[in-house]
Amino acid sequence: MSPETGTSEIVETRVLLRHASDPNLVKIDTYKSYGGYQTQERAYKELEVDWMVDQLEESGLRGRGGAGFPMGKKVSFLPHGDQAKYLCCNADESEPGAFKDRELMQRNPHQLIEGIAIASLAGDIGHAFIFIRGEYDKQADILDAAVAEAYAAGYLGKNILGSGHDLELVVHRGAGAYICGEETALLDALEGKRGNPRLKPPFPAVQGLYGGPTLINNVETLSNVSHVIANGADWFKAFGTEQSPGTKVVSISGCVKRPGNYEVELGLNLRDMIYELGGGPLEGHEIKAVYPGGSSSPVLTPDDLDRPYSFESMAEAGSMLGSGSIIVADDTVSIPHLALRTARFYHHESCGKCTPCREGTNWTVKMLERVVRGEATPMDLDIISSVQKNIMGHCLCVLGDSMAMPVSAMVNKFRPEFEEVIATAAFSGFPTADGREAQIDGEEPGPGGVSPELIKQARLAGRPVPSAAQNAGNN
Amino acid sequence: MARPKPNPITLTIDGREVAANEGMMLVDAAKLGDIEIPVFCYEPKLGQPVGACRMCLVEIEGIPKLQTACSTPVRDGMVVHTQTEQVKEAQNAVVEFLLVNHPLDCPVCDKGGECPLQDISMGWGPDRSRVVDVKRHFEKPVPLSPLIGIDRERCILCYRCARFSQEVSEDQQLQLLERGDRSYIGTFNDQPYIAPFQGNITELCPVGALTSYTYRFQARPWDIEQGGSVCTLCPSQCNVSFTVRDEEVKRVLARDNEAIDDGWLCDRGRYGFQAMYSQDRVLNPIRFENGNPVPASWAEAIEIAAGGLAATGGRSAALVGDASNEEGFILQSIVREGLGSKDIDSRQAPNVGRSIRVRLYDPAITATVADIDTADAVLVLGTDPIHSAPAFDLRVRKAVRRNGTALGVATDRPSALDGGATEVERFAPGDAAGYMRQLTAAVKSGADTGMAGLLKGAEDIVIVWGERLGRGENGPAAVESLLELSAALEISGKAESGLIEIPDVANARGLREVGCLPDSGPGLSEVEAGRDVEEIRAGLESGEIKSLILFGVDPIRDFPDTDGWRRALEAAEHIVCFSMGATETTDLATVVFPLESHAEKDGTVTHTEGRLQRVRPSAQRPGDIRPGWMVLAELSAALGHETNIHSGPEALRAIGEAVPFYAGLTDKIIGGRGIRWQDRPESAAFEAVAGTGVAPGAVVPAEAVTPVSATPTEASSDGTLTLGTFRDLWANQVTEMSPALNYLIPAQRLEVSVADAKRLGLSRGDEVAVKSGDHEVVARVAIRGAMPEGTCFLIEGTLEGNANVFANGKPAQVEIGKPSPKLDLVMAGADSTEAAPEE
């Protein structure tokens, strides 16, 4: 069933990455030699628009950007009529752990362009944009070249393939903000404004870019379009599970032997994917925690790994599939530090528009910093948990939740480790002048000659512990 | 687009049935059921909700997640809970989050005691903080502008000020800088925030982050009182509330009145209160001994005033400017009945006569301010509201931004509204009549391009026009064309269409309606015509008029033909001058009476839409100042004409008896929000007045319009430029008497087009002399891209180089040259003794 078979039992099913190993695939001629743009030609010349929308809806193709919203539904939500409609391809892939769109654009840009062209026809859209994150410089160059080729070959521009349909496609480079990957912030940024999320409703399908109905989809989602239209919804549904049909490019990273992108059918066993595709943890180490869907998904413990990797099963486990980025942490990773690192990312990237995210990320970072410095008490862990709860569901967009979910999962699932860090950090190192994290090394003697064990006990009991400065003064 | 019709619905909030209109935001609907949902960022005045602060989260049945009540439109049958555990937790959380970085310096914060953050923390917040971490720090307070200090530590990033700057005043200067909890409000490159409406952000700020330097540490909320009044510094007549401490005004706040000002104030209205306590204010009656001013007692001053007026017999005249209806009414009665004269005017230059005026004041073609909001098309004609009535500028912007109103701007000078306009057309200074005739013809012929095209498809049309359209030789013809245009557009038949005039002085309409016009008496009644303002000037100069009452006017500064007025006032035998501040005019008076400010006065004024509003006393009159109506009534009695007016309400009753369409008006009927006389049944009496005017629809013959040489597109062949003048918002005594506004006092500048600047070799900032005949004004060059070639503009009423020396009812052709050294310090043309030469 699979064109390229791996060596292990768990196999890749390459649809989007099928010819990715051919370095010339970025050229339009090579792409066409593999059958590229044939679907667009059929779509523009023969196929009924309604049929295409039906197929997209029927296929159950779910958004690959993180939220997993059915793509065909989005297309069908677009109002009919002659107002200007837009398509935005979200290529602002910035979530830690996610790097699948980069590969899709870098290796097979025309697949994306063809998908955009077909989706634009299906949605009666005349203007499309690819909003690519500024750091993806090389990929943007590749896209620019590919778009120019597509224009020259008549797959973009005026009266495409004699169909009477016009499509202008612009590759827009972002200025480097995670929040611009949020669909409405992306629209604001594209309009030249500060990239802040908008209030929803109205949803972009009703009122998006420049106030017009806008279809926003992820690179991978749009890359799937030509395959769905070429082979039909039933072919697509044959892959994966009932609620998560199709293949998915999964980025596996972290403490594994073979990090990288793997295209698989949804529904494979998560543990097997990590061990078979990613190669499992390094010799002598064990998996401690896994983010199943990028840094914003609640972490899973090894106990949760024997599940099918699908939208529904991850939700059942209290986490999410998100953008399909698996980050593995092994036993060398300190979970409190991982929590701090995660929180710092979201604190840095919070746009500041809504209160819970702006203040919640900042406060969480400050508290976690105190935890790893040993300046916290176990009571602070309760406060951290409660703050995450206060953030969740109260924000304007999902960025706040993106920090709250993993941090809250870590504090709840690894609480003893947090308590341990609080207890040991106090005498193992002190905050440096520039506020960076202290070293964790329980073997160092305690400050001022105080027994490390004593300090540890005091910490665990939530009693105040003399600080280094106080001890220095006392001596 | 007609105003949307409300659709009543019922919803349930906390088990209570609430009647509301469909589409209202839940926060507003809840108020109708006496349920308060706390908000920080929500402010309907700012437009669409942004849902940023998350304070208003509520539970709506059928929706799993909490929703922001500020952005949820209500539906019939909606069931809302604002008191559940889930909602309370969310509210607690948001307040706690807001206080993570907010300093608890309430005891030294100016907002303390009137602070929404304090109130909401007490009402909806947790009772203690769990935050022990360090809060963010900024340098504080730093000046955001010369008027406003910003304390960024107190800022809770509600975005209100930035939204005001971006979506209401549209100056785009306030921006959010940085990201996340490092965000702060600032301007590009830390440049000062200079804009005419900036004071509004201090009122919008829900914490003590934005404070006016004029009010910092001046008072606490528990030792102040608020007194409502109307700002009479410009024709917008915005509703204000004075913050008074120890009988002295400390601050001016907006008193939201959607019908008038939408709850915004310009900075002149907000900070101009300082003029009330300026050392230049006239605080007591003044007489002159050997040319030197000396204080006089009231009895003495009235004796001098009455004696002088009586001595000149009927050869007296009066000019009114800054006055309430009551003051204007008593004054016209003094002139007409006490002195037996007919010469009174309340305009700065003559414009249209009575027959046109009664047609203009016809209720059927008068628009309301609120009509602008929902109009399909707004035409701004011959006025730049930002300078002449700032509240209108915001109103027109609002219509364009929120309602998609098509805006047409037709002016001589590039206007501040050009940017949002669909159509912009320019006419040469003084050629309004020519333009109006053209436009009217185009509309009648059904043209569908340009301005006529913009008006063609529109259902509701509001024309905002400047009084100045009617100035000069061709002025009446221009206004006649305007009436013809509105007839062609069938404005009179539509309820939400109409004309609205922007006059030169604040209470122009009221003064005209109570009889301060040479050709019409109280209620615009027909009277034997007297001299208009220009004829009064000529009469003074020729000696036909010997005595003059000046009430709240400064002809030398404000009126066209500065030299002519100086000669006229010097020639007068006796001048009774009522003034708030010492001016060149008061120096020429025989006796000077102090005037009340709008924080001290008790009386009524009439907004240009016909709304009578009350000016109410909030603060003590400084020095020895008495109510204007009282002084005038005493003066009248001293002249042997008993007015029988012994109180403000009596004066209003007397007006009601004399002005049929004001009949029966009392302070109570006018109330806090004012009432349009057109909305009362008594307005039917206007028909009787109108019946004596000329029938509507009369056509101006083209020959009646004297052609003007220059059009905007062609430069004069002799290298001269056509000079236009305008009154800058800040070129007046209030700016000079208010220390906070001093930085805005404009220096004279010559606005020229890019092409003319190139041709004449001018660059920005060059000092040049603008010459016409004997007059010369020194100005600095300002090159404006939008200025049509062949025209240039100067500011009227500047302290030095007042452009009114040129303005004598005709457009002047001016030469631009090097300034002559001797004229550097002398007011231009001051030494000229000849009459202003005509071109």
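This is a chat about a few local features of a predicted model.

Colleague: Before we start, what kind of model is this, and how are residues numbered?

Modeller: It's a predicted model, where local features need pLDDT of at least 70, side-chain atom pairs count only at pLDDT 80 or more, and totals for chains, interfaces and linings use all residues. Residues are numbered from 1 along each chain as its sequence is written, chains are lettered from A and ligands numbered from 1 in the order in which they are written, and side-chain values use heavy atoms, with hydrogens and water left out.

Colleague: OK. Where does A:N261 sit?

Modeller: A:N261 is in strand β6 of chain A, residues 260–265. Strands here are DSSP runs of E with at least two residues, helices are runs of H or I with at least four, and both are numbered from the N terminus.

Colleague: Is A:N261 buried or exposed?

Modeller: A:N261 is buried, because its relative accessibility is 11%. The cut-offs are under 20% relative accessible area for buried and over 50% for exposed, with partly exposed in between (1.4 Å probe, protein chains only).

Colleague: And what does the side chain of A:N261 make a polar contact with?

Modeller: The side chain of A:E103, at 2.5 Å. The A:N261 side chain also reaches the backbone oxygen of A:F99 at 3.2 Å. A polar contact is a pair of N or O atoms within 3.5 Å; within protein, one must be able to donate a hydrogen and the other to accept it, and residues adjacent in sequence count only if both atoms are side-chain atoms.

Colleague: Which residues is A:N261 in contact with, leaving aside neighbours within four places in sequence?

Modeller: Among them are A:E12, A:K100, A:V249 and A:S251. Contact means heavy atoms within 4.5 Å.

Colleague: Switching to helices. How do α3 and α9 of chain A cross?

Modeller: The axes of α3(A), residues 49–59, and α9(A), residues 219–231, come within 10 Å and cross at roughly 105°. Axes are lines fitted to C-alpha atoms, for helices over the stretch in contact, and angles run from 0 to 180 degrees between N-to-C directions. The two helices, α3(A) and α9(A), are therefore roughly perpendicular to each other. For the wording, under 35 degrees is roughly parallel, over 145 roughly antiparallel, 65 to 115 roughly perpendicular and the rest oblique.

Colleague: Which residues make that contact?

Modeller: From α3(A), A:W51, A:M52, A:Q55, A:L56 and A:S59; from α9(A), A:V225, A:V228 and A:I229. They divide into 6 nonpolar, 2 polar and no charged. Ala, Val, Leu, Ile, Met, Phe, Trp, Tyr, Cys and Pro count as nonpolar, Asp, Glu, Lys and Arg as charged, and the others, Gly among them, as polar.

Colleague: What is phi of B:Y159, and where does B:Y159 lie?

Modeller: Phi is near 75°, a positive value in a residue other than glycine. B:Y159 lies in the loop between β7 (148–150) and α4 (160–168) of chain B. B:Y159 counts as buried, because its relative accessibility is 10%.
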